[in-house]
Amino acid sequence: MEQVLQQIDQYKKEIDQWVIGSAEDLENYRIRFLGTKGIVKALFGEMKNIPAGEKRSFGQVLNDFKQLAEAKYEDNKGLTDGKDKDTPGMDLTLPGDAFTLGTRHPLSLVRNRIVSIYQRLGFAVAEGPEIEDDWHNFTALNMPENHPARDMQDTFYIQRNPDWVLRTHTSSVQARVLETSPLPVRIICPGRVYRNETVSARANCFFHQVEGLYVDKHVSFADLKQTLYFFVKEMFGEHTRVRFRPSYFPFTEPSAEMDISCTVCGGTGCSLCKHTGWVEILGCGMVHPQLLENLGIDSTQYTGFAFGMGVERIAQLNYRVNDLRLYAQNDLRFLQQFTSST
Ligand code: PHE
């Protein structure tokens, strides 16, 4: 009898440790302890070997054990058969614990909108490294060493290797794609870029761009204008006016900057547009033939257009945030104001 009692203690421990996480676990448990060939049944079968004087107390032990085994089964049945309400210790009507959902960064929201507008026109997204070599950031783009245009973009150089820079624009991605992809190429390049500027409300040492490039036979300035018109209407609304001003970029010829009528005052003049009624939103132009040649493309056969815009600038027009530094400070009070799921 001593032996059987020890055995029962072992079984109690086993029951205690048996983890029931699924219907299958529960069924295995039932078969082992409560089934027709299970342990409870077998222990009751031991009764006949117990001396008459001890039958009573042994019967008591057996009944307790049986109840223990059944109780665990009943407790867990609710978990798997849906009758949770009846399960002791569990109240499914209690409200759940609320948890805070993150929100997208305003610059991500704006970038996604910009990207999706150009995607609808057939532009594919291309990305490249933020640490770039001189060739892709400058030389291939028609800014050879000592070219004064390099000063237009104050550059961070990597100390270990002066041939490496933090890219100053995502035009470097355009150079990479032109170098390796078959024509025609129609891409937009979103990404972070770096410039050595003193940090202030109006300038930061990094910001974000979306640049676009289309190279094919017979691409014209009219194609460029139509593409940008479409973008402006989609981004800022049907009634937004557009104007182009001649400008200079080493990688485009002719080059222009594009202004839109001020989204805050509608063109009547306010502090955002410095009372001119217009705000500049991007630079653009026809890809310089020398750039095409640098990248192994026959410039007598192919032409292209390119444009580049700052995401912070577009975000400023959308959200009227007038201090650029806010975008990089990770202050939740600021970031939580731009909730959206896109
Ligand atoms: N790369 C230019 C800049 O960073 C923008 C640009 C792109 C201008 C393409 C013209 C054409 O300022």
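I'll start with a charge over a ring: the charged end of R32 sits over the ring of F33, at 5.7 Å from the ring centre. There is another such case at W278, where R241 lies over the face of the ring, 5.6 Å from its centre. Please keep in mind that this is a predicted model.

Next, the aromatic pairs. Searching the whole structure gives 18 of them. One is W18 with Y29, an edge-to-face pair with 5.6 Å between the centres and 80° between the planes. This pair links distant parts of the chain: W18 is in the loop between helix 1 (2–17) and helix 2 (23–34), Y29 is in helix 2, and the two are 11 residues apart. Is Y29 buried or exposed? Its relative accessibility is 0%, so Y29 counts as buried.

Another pair is F221 with F244, also described as edge-to-face, with the centres 6.2 Å apart and the planes at 65°. Which parts of the chain does this pair tie together? F221 belongs to helix 8 (residues 221–236) and F244 to strand 6 (residues 242–249), so the pair joins parts that are 23 residues apart in sequence. F221 has 26% relative accessibility and therefore counts as partly exposed.

The largest nonpolar core has 42 residues, and the members that touch the most others are I114, F231, I281 and F307. Which elements give two or more residues to this core? They are helix 5 (106–120), strand 5 (206–216), helix 8, strand 7 (252–261), strand 8 (278–287), strand 9 (303–310), helix 10 (311–319) and helix 11 (332–335). Helix 5 gives the most, with seven residues. As general background, nonpolar side chains in soluble globular proteins tend to be buried together.

Let me take I281 as the example. What does I281 touch, leaving out residues up to four places away in sequence? The contacts are F231, V232, F236, M258, D259, I260, M309, G310, I314 and L317.

Note on methods
Residues numbered from 1 in each chain as written. Predicted model: local features only at pLDDT ≥ 70, side-chain atom pairs only at ≥ 80, totals over all residues. Heavy atoms only, no water. Phe/Tyr/Trp six-rings, centres within 6.5 Å; stacked < 30°, edge-to-face > 60°. Helix = DSSP H or I, 4+ residues; strand = E, 2+ residues; numbered from the N terminus. Buried < 20%, exposed > 50% of the residue type's maximum accessible area, 1.4 Å probe, protein only. Lys NZ or Arg CZ within 6 Å of the ring centre and 35° of its normal. Core = buried A, V, L, I, M, F, W, Y, C linked by side-chain atoms within 4.5 Å. Contact = heavy atoms within 4.5 Å.
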